[in-house]
Amino acid sequence: MFALPGKPPVTLTPAAVAQIAELMAREGAAGFRIGVKKGGCAGMEYTMEIASEADPMDIVVEEGPARVLIAPLAQMFLIGTEIDYEETMLESGFKFRNPNVVESCGCGESVKFRDAPAG
């Protein structure tokens, strides 16, 4: 829907590929769906869930054993995003490096996206 021809809308780091593949194998899933929803102090939040099947409107990004399904309403917000998985002594989780984000809250779970150009 919103992808650029010949280029995936998101890229995955090797750490993200490994974590997504592990989650898919453990759950016997068809993919790892990412999306966005209204919420949080900055206005929007990323959503992530294990998916038993791909929706016909999902954009599917496959890298090695990892399969990411991008929900239709999230596609325009995620173009150019790099998804990583980081582990530190205090926390672990997915990190989204998204060029479309103009503001994020202190906890990093809520973001504000650049407004679409008026046209």
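Colleague: Which residue of β5 is the bridge partner of F32?
Modeller: In β5, F32 has V68 as its bridge partner. This is a predicted model, in which local features need pLDDT of at least 70 and side-chain atom pairs count only at pLDDT 80 or more, whereas totals for chains, interfaces and linings use all residues. Residues are numbered from 1 along each chain as its sequence is written, and side-chain values use heavy atoms, leaving out hydrogens and water.

Colleague: And what is the partner of F32 in β3?
Modeller: There, F32 is bridged to I50.

Colleague: In which sense does β2 pair with β5, parallel or antiparallel?
Modeller: Strand β2 pairs with β5 (residues 66-70) in the parallel sense, over three bridges; pairing requires at least two bridges found by DSSP.

Colleague: How many residues of β2 are buried?
Modeller: Six of the eight residues in β2 (31-38) are buried, that is, under 20% relative accessible area with a 1.4 Å probe, protein chains only. Over the chain of 119 residues, 40% count as buried.

Colleague: Changing topic, where does N98 lie?
Modeller: N98 sits in the loop that links β7 (92-97) to β8 (101-104).

Colleague: Is N98 buried or exposed?
Modeller: N98 counts as buried because its relative accessible area is 11%.

Colleague: Which side chain has a polar contact with that of N98 at 3.1 Å?
Modeller: The side chain of Y46 makes such a contact with N98, and the side chain of T81 also has one with N98, at 3.1 Å. A polar contact is a pair of N or O atoms within 3.5 Å, one able to donate a hydrogen and the other to accept it within protein; residues adjacent in sequence count only if both atoms are side-chain atoms.

Terms used:
Buried < 20%, exposed > 50% of the residue type's maximum accessible area, 1.4 Å probe, protein only. Helix = DSSP H or I, 4+ residues; strand = E, 2+ residues; numbered from the N terminus.
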